[in-house]
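Biologist: I would like to go through this structure with you, one question at a time. Please show it first.

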Amino acid sequence: MREPTAAGTGPPIEEVRVSAYTIPTETDVEQDGTLTWDDTTIVVVEVEAGGQTGLGYTYEHEACGTLVDEKLAGVVEGQSAMEIRARWFDMYRSVRNIGRPGIASRAISAVDMALWDLKARLLDVSLVTLLDPAHDAVPVYGSGGFTNYSIDQLTEQLTRWVDEGLPRVKMKVGRHMHEDVSRVEAAREAIGDDVELFVDANGAYTRKQALLYSNEFAQYDVCWHEEPVSSDDLEGLQFLRDRGPAGMDITAGEYGDHLQYFRDMLNPGAVDCLQADVGRCGGFTAFLDVIALCREHTIDISTHTAPQLSVHAATAATHLRHCEWFFTHNRIEDMIFDGCLEPDDDGLVWPDRSRPGNGLELKRTEAERYAA
């Protein structure tokens, strides 16, 4: 640990600790249109200062933890815990020769969110209060419906969310294209007519396939088509936004890890709603910049995955659409953290302002069973 040298206000950051936990999927595998996985790794960062500990995390390979430990920890230790944006720029500059996008951005995200949590705990306020909320509660949608699920598994998961009060649900498509329409039809029949139905192709379709299937899905009132083509294909996204069915939003942005990525997506009008992932984009500091960009373009934003952290950030978004209540990450977060939030009967999540910081505490004994 570096000796404190901070000239700024507030207590110096004393220590940064990092852990990685790899947790098997509930079923043998989980699958979407372009990827199959049998476990998920969460990299947890804890930052200490002034007798308090802040917690943040990202979903990434355990090598991300190595980067935090060997590169970022030494950058922030000894510096002021109250000057988060300064610490963000310190980390940003430190990875110049490593490469800012990708795993470095995930590492910065985890540390940044731990610093925000730490500052809130030092001030004895909730993270929501520190982030300056525009909303008291956040609407969420149930997300899962993996392509390897049988029809029965798919409909059981979606209807369970509906029964719990979620008014919108999302399923995966694009793996077995000849089955997509019948699976969407089964989903609509199961959830009824009053629930919003979303699909996510994870970039599996070509432009013309995406247009064809969008029109097919429209007869079942699908109102959200996420990544119908690759997020790298901005012209394709714009093509589908312009020519797709009325009432079906085209969305993308979950892989954004620097502000120019989001600016490039918004400037040509590639999406109806922008997605951003706090564990990928650069943490809460960067997410606040993305919020400002959406406000400038009068485009809604929806958070992607990492639900227990995303709901706090989402309260600060003036043009908020909703927050993804992702099955895999919810399961992991419930397993290894105390203080997890749950949606109410109207599909809203209310961050607890009576608890300092993000309200989460690591369940060390349970987590250590999955140490990477």
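Biologist: What share of the accessible surface of the protein chain belongs to carbon and sulfur atoms?

Modeller: This is a predicted model, and the areas are computed from it. The accessible surface of the protein chain comes to about 14500 Å². Of that surface, the share belonging to carbon and sulfur atoms is 45%.

Biologist: How many helices and how many strands does the protein chain have, and what is its radius of gyration?

Modeller: The protein chain has 13 helices and 16 strands. For 372 residues the globule rule gives 21 Å, and the chain comes close to that, so it is as compact as a globular protein of that length. The radius of gyration is 20 Å.

Biologist: What percentage of the residues of the protein chain count as buried?

Modeller: A residue counts as buried when its relative accessible area is under 20%. Among the 372 residues of the protein chain, the buried part is 58%.

Biologist: Which residues have the most contacts inside the largest nonpolar core?

Modeller: That core has 114 residues. Its largest share, eleven residues, comes from helix H3 (residues 103-123). Apart from it lies another core, of five residues, with Tyr141 and Trp224 among them. Inside the largest core, the residues with the most contacts are Tyr57 and Phe217.

Biologist: Which residues does phenylalanine 217 touch, not counting those up to four places away in sequence?

Modeller: Contact here means heavy atoms within 4.5 Å. The valines touched by phenylalanine 217 include Val173, Val181 and Val184.

Biologist: Is cysteine 273 buried or exposed?

Modeller: Cysteine 273 lies in strand E11 (residues 273-276). Leaving aside neighbours within four places in sequence, cysteine 273 is in contact with residues including Trp224, Ile250, Ile301 and Arg321. Its relative accessibility is 0%, and because buried means under 20%, cysteine 273 counts as buried.

Biologist: What distance separates the C-alpha atoms of cysteine 273 and isoleucine 301?

Modeller: Along the chain, cysteine 273 and isoleucine 301 are 28 residues apart. Ile301 is also one of the contacts of cysteine 273. The separation of their C-alpha atoms is 5.6 Å.

Biologist: Which residues of H11 are buried?

Modeller: Helix H11 covers residues 307-314 and is mostly covered. Eight of its eight residues are buried. They are Pro307, Gln308, Leu309, Ser310, Val311, His312, Ala313 and Ala314.

Methods
Residues numbered from 1 in each chain as written. Predicted model: local features only at pLDDT ≥ 70, side-chain atom pairs only at ≥ 80, totals over all residues. Heavy atoms only, no water. Helix = DSSP H or I, 4+ residues; strand = E, 2+ residues; numbered from the N terminus. Rg over C-alpha atoms; globule rule 2.2 N^0.38 Å. Buried < 20%, exposed > 50% of the residue type's maximum accessible area, 1.4 Å probe, protein only. Areas by Shrake-Rupley, 256 points an atom, 1.4 Å probe, with all protein chains shown as cover. Core = buried A, V, L, I, M, F, W, Y, C linked by side-chain atoms within 4.5 Å.
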